[in-house]
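Subject: Structure handover

Hello,

Here is the structure I promised to pass on. Please open it first, then read my notes below.

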Amino acid sequence: MSGPKVGPGPRSLRLSGVQTAMLARRSLVAEWRQLFSVLPGLVFPLLLAAVYTRQFQRALGLPGFPEVESFLDFILPASILQAVSFGASSAGTELALDIENGFLDRLLASPVARVPVLVGRLAGAAIVAAGKTLVIVAVFVVFGAEIAGGPAAVLVLLAVSSLLVLVIGGISQVLAIRTGSQEAVGATFPLIFVTIFMSSAFFPTSLMSGWFRMVAQNNPITWIVDPLRRLVVVGWSWTDAVAALGVPAVCAVGTVGAALAALQRKLSRP
Amino acid sequence: MESVIEARGLVRRFGDIVAVAGIDLDVTQGEVFGFLGPNGAGKSTAVRMFTTLLRPSGGTARVGGFDVVADAGAVRRIIGVALQDAAIDPLMTANELVRLQAVLHGISRADARSRGGELLARVGLSGAAKRRVSTYSGGMRRRLDLALSLIHEPSILFLDEPTTGLDPTSRLALWEEVGRLNSEHGTTVFLTTQYLEEADQLADRIAIIDGGRIVRQGSPSELKATVGAPTLRIDVGDGDDAAARNVLRRFGSQRPAREGRVAVGLEGGAAQLAEVIRALDQAGVGVAHFELDAPSLDDVFAEATGRRLEGDGVDE
């Protein structure tokens with residue numbers, strides 16, 4: 001009788017890459033097969049943008065409001081953030097589902113490294129976010145928005161939306177690992193939504209007052225939205241590009257790291 | 001014989017709850033080992049420790065010669081695992097799941113295709129390979145789960161309650177496949193079950209687990225032999241249980257029985273039956289129904305724990 005077959009340790013970097021890609025593909029396929037769950041994340045921000053553009057066109061004349069042709073240019077970054085926030089926690093809710101139905105155990109009982117298990121899901125969600133961003137930019141352009149920063153600015157928009165998904169997805173994965181409950185993870189969505197509203201996403205902080213202004217100024221979403229908006233409204237600037245990308249990049253490293261640490265902790269608890 | 005699954009004083013606690021309270025066992029290569037016990041006995045917890053999904057709180061466990069904590073990666077490469085409830089993504093097709101599972105085990109695309117096709121054919125799912133798993137019946141899911149756990153030709157297979165909730169036909173099909181794996185491929189199988197018949201049919205050796213402890217261990221025939229006498233179960237209808245018990249006491253030791261029944265291990269064997277009925281008649285105890293059973297694993301369980309496994313409300 002043959003002894004136990006010990007294959008070559010499939011932990012090489014290349015294999016981890018293939019495994020991550022395979023798991024990312026899995027989450028993309030899942031999104032594609034549940035398109036009805038992706039569509040609201042596109043339709044709702046577009047609808048809100050249409051309504052706001054009609055309502056707030058006169059606000060453009062307020063002293064202190066950035067000089068823009070149309071309110072559409074002003075809220076493009078906000079609409080993208082909103083679209084991304086829908087489904088951004090899907091990396092977490094789907095992980096919670098995998099925990100609930102035992103699929104995660106299947107992954108963990110195989111020789112796959114821990115990193116692809118989490119990052120695969122996040123990568124899938126990030127690709128979906130980039131796709132949604134592209135659709136939103138296209139619709140805005142069709143309706144007359146102008147992106148002063150050109151194609152480079154669009155690339156930054158795509159990258160920022162992907163990075164934000166990693167940030168929110170990382171947090172939601174921490175919650176999924178800690179609670180193992182889809183409901184608990186899903187409950188973070190309103191929080192993200194409110195965080196976007198309490199930033200400069202829909203109105204410049206210079207026109208806010210009191211505590212709200214203070215909250216908005218110290219809201220990391222504002223730190224991302226302001227440089228993004230300058231890229232759209234004013235034009236290309238390396239400083240703005242780095243600022244817009246830097247904040248979510250640093251946060252993503254933190255939250256994805258936290259998710260990996262949470263998984264490691266869960267698995268090694270004696 | 002070489003031991004391929006080994007536990008020494010294996011313990012797992014969840015807070016104050018002791019799920020596995022120090023078990024020792026050895027499973028030799030090529031054996032089908034049955035872990036029999038009711039819900040909550042600690043079967044799944046033990047399997048999760050053997051499959052590296054849960055760290056032991058105490059003691060040691062080795063699988064294929066590797067420590068489940070220190071050499072977890074090596075353990076994962078040689079085991080196949082099909083856990084309770086057939087954890088399968090319902091949005092994916094069988095073909096996609098096979099490919100995913102193959103990549104997880106570092107198997108090349110070409111090998112995955114040929115081996116996956118072969119496995120799906122073996123479990124009778126070739127025709128449904130392109131269908132989403134959400135359209136599968138419970139039996140089909142279990143068979144797919146088994147196929148997935150075999151993609152890397154594991155030498156040791158862990159099956160956690162593989163037939164719970166399945167209809168009799170699907171159960172039989174799965175038993176046949178497990179039997180074939182063991183006899184044709186020499187795969188060592190560690191199987192947990194709450195079904196006596198399953199353990200009896202499939203396992204070369206059985207450990208009965210209750211309350212986190214192994215209470216009996218041996219081959220089905222060895223275990224049954226320890227109980228010895230056949231069990232006589234009497235239903236006295238509306239009659240007097242206590243009077244019946246008084247009579248039966250003279251023929252052997254009392255055994256646990258469902259409510260409204262009295263059971264005794266007939267020390268003199270089946271030959272004593274006529275004598276028992278006469279004695280009951282003389283004592284004025286009416287018998288509504290009686291059964292005489294050769295010792296079963298349920299008797300072994302009852303003798304070890306004071307409870308019956310069957311009729312324990314364990315079915316889904």
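In α3(A), the buried residues are G41(A), L42(A), P45(A), L48(A), A49(A), Y52(A) and T53(A). They sit on the same side of α3(A), because they cover an arc of only 145° around its axis. Turned away from that buried side is a face with the exposed residues L47(A), R54(A) and Q55(A). What does the buried side pack against? Its residues meet α2 (35-38), α4 (71-85), α7 (114-142) and α10 (188-197) of chain A. The helix α3(A) itself runs over residues 40-55, 16 residues in total. From first C-alpha to last it reaches 22 Å, close to the 22 Å expected at 1.5 Å a residue.

One caution before you go on: this is a predicted model.

Another chain A site to look at is S90(A). This residue belongs to helix α5 (residues 90-101) of chain A. Is S90(A) buried or exposed? Its relative accessibility is 10%, and the cut-off for buried is under 20%, so S90(A) counts as buried. Its contacts, leaving aside neighbours within four places in sequence, are E31(A), L95(A) and A125(A).

Now chain B.

The chain has 316 residues, and 55% of them count as buried. Its secondary structure comprises 11 helices and 14 strands. Along the principal axes, the C-alpha atoms of chain B fill a box of roughly 80 × 45 × 35 Å. Take the contacts in chain B between residues at least 6 apart in sequence: 70% of these join residues at least 24 apart.

Start with its strands. Strand β1 (residues 3-14) of chain B pairs with β2 (residues 17-28) of chain B. The two are antiparallel, over 9 bridges. One bridge links E6(B) to D26(B) in β2(B). The hairpin of β1(B) and β2(B) has 2 residues between the strands. There, G15(B) takes a positive phi near 60°.

β1(B) has another partner, β4 (residues 58-63) of chain B. These strands also run antiparallel, joined by 5 bridges. Here R8(B) has T60(B) in β4(B) as its bridge partner.

Next, the cores.

In soluble globular proteins, nonpolar side chains tend to be buried together. The largest nonpolar core in this model has 87 residues. Which of its residues touch the most other members? They are I5(B), L25(B), F50(B), L144(B) and F190(B). Helix α3 (residues 94-104) of chain B gives the most to this core, with 7 residues.

I5(B) deserves a click. Not counting residues up to four places away in sequence, I5(B) touches L25(B), D26(B), V27(B), F50(B), R62(B), V63(B), I156(B), F158(B) and F190(B). Among these, D26(B) is the bridge partner of E6(B).

Last, the interface between the chains.

How many residues take part in the contact? Chain B gives 39 residues and chain A gives 38 residues. Between them, the chains bury about 3,300 Å², with 59% of it on carbon and sulfur atoms. On the chain B side, R76(B), R77(B) and L104(B) lose the most area to chain A. Together they make up 21% of what that side buries.

Best wishes

Key
Residues are numbered from 1 along each chain as its sequence is written. Chains are lettered from A and ligands numbered from 1 in the order in which they are written. Side-chain values use heavy atoms; hydrogens and water are left out. Two strands pair if DSSP finds at least two bridges between them. Helices (H or I, at least four residues) and strands (E, at least two) are DSSP runs, numbered from the N terminus. Buried means under 20% relative accessible area, exposed over 50%, partly exposed in between (1.4 Å probe, protein chains only). Contact means heavy atoms within 4.5 Å. A nonpolar core is a set of buried Ala, Val, Leu, Ile, Met, Phe, Trp, Tyr and Cys residues joined through side-chain atoms within 4.5 Å. The expected span of a helix is 1.5 Å times one less than its number of residues. The arc is that of the directions from the helix axis to the C-beta atoms. Buried area is the accessible area (1.4 Å probe) that two parts lose on being put together, summed over both.
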